[in-house]
Amino acid sequence: MAKRICLIGGAGFIGHNLAVALRREGHEVSVVDFLAINNEMTLIDARNRNKNTELYLWMVQERQRMFLDHDIPLYVQDARNYHELCKLLADEIRPEVVVQLAAVSHAGRSNKDPFSTFDHSFRTLENALDNSISRLNALDSSVIGAGEVSPLIEHFVYFSSSTVLGDFESDTVTEETICRPKGIYAALKLSGELLTKAYNQIAGLPYTIIRPSALYGPRCVSRRVGQIYIESAMQGGVLEIRGDGSSKSDFTCIDDLVQGLQKIIKSPRSRNETFNITAGEGRRLKDLAKIVQVNFPGTLIQYQKKDDLFPDRGTLSIEKARKLLGYSPQFKLETGIPALIRWYREDVPKNLIRKG
Ligand SMILES: NC(=O)c1ccc[n+]([C@@H]2O[C@H](COP(=O)([O-])OP(=O)(O)OC[C@H]3O[C@@H](n4cnc5c(N)ncnc54)[C@H](O)[C@@H]3O)[C@@H](O)[C@H]2O)c1
């Protein structure tokens with residue numbers, strides 16, 4: 001059944017892909033985003049200008065074009081502002097489902113700027129959760145039933161991350177594996193999971209927590225490793241591997257994550273659960289580099305020192321999502337990465353790929 005869905009932080013990489021897919025499924029989708037973290041306002045700031053500025057500006061403007069083409073309203077609003085967010089949600093959007101994506105979504109950047117990561121990742125989450133419940137005269141002890149809290153919406157979806165787990169102690173982990181986060185990003189993500197569960201405890205707010213991992217796909221400006229390798233190869237550069245290339249990540253195509261979220265929204269079995277939504281297979285960094293190299297013959301691979309805060313990882317088991325939701329990822333690295341390379345070759349204007 002069609003739902004009114006609000007994506008907070010929805011003009012980002014994951015959000016715009018989700019918004020379009022949910023709209024195509026017939027949902028009424030709204031996006032709240034202030035476009036100022038890892039988005040248009042960051043890119044046009046003169047202090048951040050580099051050879052990829054025009055390419056990335058084109059990508060984020062393509063996202064906005066897709067919103068227009070699919071009749072998806074974009075509300076340019078800072079989600080840190082509790083009262084403005086409250087007005088927007090209560091008077092304008094009136095969502096049945098809230099999906100919380102807003103964050104400083106990059107572990108390296110979060111460790112360099114803990115203050116603003118707390119603000120944009122945790123403050124925005126708390127505002128979104130608090131605006132998803134109602135209080136009956138919460139502070140007026142003379143009113144019978146005062147202080148009772150109940151959900152205002154049907155479903156709250158929180159985007160956590162596989163980084164909450166820290167270093168994997170076995171090759172495969174499940175949703176039950178003990179979390180040992182490393183660094184600011186992962187610590188705040190795990191805190192966000194606990195806060196989401198706390199709103200369920202105090203107000204019965206139905207939730208789902210999603211743990212994605214190492215996503216890749218079109219119109220991403222986050223400079224994660226797959227994107228860096230493809231752009232570097234197209235620009236005539238080398239592919240740098242940190243460490244010996246044996247460290248593994250569960251690289252996931254954005255289309256598979258979108259499929260997982262669509263199933264989470266549809267299925268009552270997703271409520272009050274945490275799911276790994278990934279490809280379900282840890283792959284070595286050097287496997288990724290080699291796939292890119294095969295598509296750009298002559299490109300060199302270079303080995304560099306490993307970043308100690310980067311956790312050693314592997315496979316996130318997706319058995320729970322398979323069983324409860326019927327989730328079934330369609331892309332392996334061998335198909336997903338060439339599809340992304342095709343997008344760069346066929347859809348991105350050639351003059352935006354600057355060599356050197
Ligand atoms: N991309 C991945 O590989 C990955 C993996 C695991 C988890 N996640 C999580 O998924 C979520 C979305 O990731 P993404 O890759 O789309 O990130 P992104 O950086 O592309 O998008 C985040 C969006 O949030 C917005 N935002 C930030 N602070 C805001 C604020 N105060 N008010 C309004 N909007 C605000 C930004 O403007 C941006 O458009 C994040 O929470 C991220 O931590 C992403």
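Modeller: Let's start with strand 1 (residues 4-8), which runs parallel to strand 4 and is joined to it by four bridges. To find that pairing on your screen, look for Cys-6, whose bridge partner in strand 4 is Val-98. Keep in mind that this is a predicted model.

Strand 4 itself covers residues 97-100, and both of its faces are covered. Val-97 and Val-99 sit on one side, Val-98 and Gln-100 on the other, and all of them are buried.

Now step across to the next neighbour. Strand 4 also pairs with strand 7 (residues 155-159), again in the parallel sense and over four bridges. Here the residue to look for is Val-97, which has His-155 as its bridge partner in strand 7.

What about strand 7, is it buried or exposed? Five of its five residues are buried, so strand 7 is largely enclosed by the rest of the structure. His-155, Val-157 and Phe-159 point one way, while Phe-156 and Tyr-158 point the other way.

One more step takes you to strand 9 (residues 207-211), which pairs with strand 7 in the parallel sense through four bridges. Tyr-158 is the one to click on, as its bridge partner in strand 9 is Ile-209.

On to the helices. Helix 8 spans residues 225-234, and eight of its ten residues are buried, so helix 8 too is largely enclosed by the rest of the structure. The buried ones are Gly-226, Gln-227, Tyr-229, Ile-230, Glu-231, Ser-232, Ala-233 and Met-234. Their cover includes helix 3 (53-69), strand 11 (239-242), helix 10 (285-295) and helix 12. After helix 8 comes Gly-236, with a positive phi near 85 degrees.

Take helix 12 (residues 333-347) out of that list for a moment. Its axis lies 11 Å from that of helix 8, and the two pack at an angle of about 45 degrees. Helix 8 and helix 12 are therefore oblique to each other, and the crossing is right-handed. On the helix 8 side, the contact uses Gln-227, Ile-230, Glu-231 and Met-234, and these meet Ile-337, Leu-340, Ile-341, Tyr-344 and Arg-345 in helix 12. By type, the contact residues come out as six nonpolar, one polar and two charged. The spacing has a simple background: an α-helix has 3.6 residues a turn, so residues three or four places apart point the same way.

Helix 10 is worth a look from its own side as well. Its buried residues are Leu-285, Asp-287, Leu-288, Ala-289, Ile-291 and Val-292. They pack against helix 8, strand 11, strand 15 (283-284), strand 16 (301-304) and helix 12.

Finally, here is a residue with another kind of setting. Ile-202 lies in helix 7 (residues 183-203), and it is exposed, with a relative accessible area of 51%. Leaving aside residues up to four places away in sequence, Ile-202 touches Ile-133 and Val-149.

Technical notes:
Residues are numbered from 1 along each chain as its sequence is written. This is a predicted model: local features need pLDDT of at least 70, side-chain atom pairs count only at pLDDT 80 or more; totals for chains, interfaces and linings use all residues. Side-chain values use heavy atoms; hydrogens and water are left out. Buried means under 20% relative accessible area, exposed over 50%, partly exposed in between (1.4 Å probe, protein chains only). Two strands pair if DSSP finds at least two bridges between them. Axes are lines fitted to C-alpha atoms, for helices over the stretch in contact, and angles run from 0 to 180 degrees between N-to-C directions. Angles under 35 degrees count as roughly parallel, over 145 as roughly antiparallel, 65 to 115 as roughly perpendicular and the rest as oblique. A crossing is left-handed if the near helix is turned anticlockwise from the far one by less than a right angle, and right-handed if clockwise. Contact means heavy atoms within 4.5 Å. Ala, Val, Leu, Ile, Met, Phe, Trp, Tyr, Cys and Pro count as nonpolar, Asp, Glu, Lys and Arg as charged, and the others, Gly among them, as polar.
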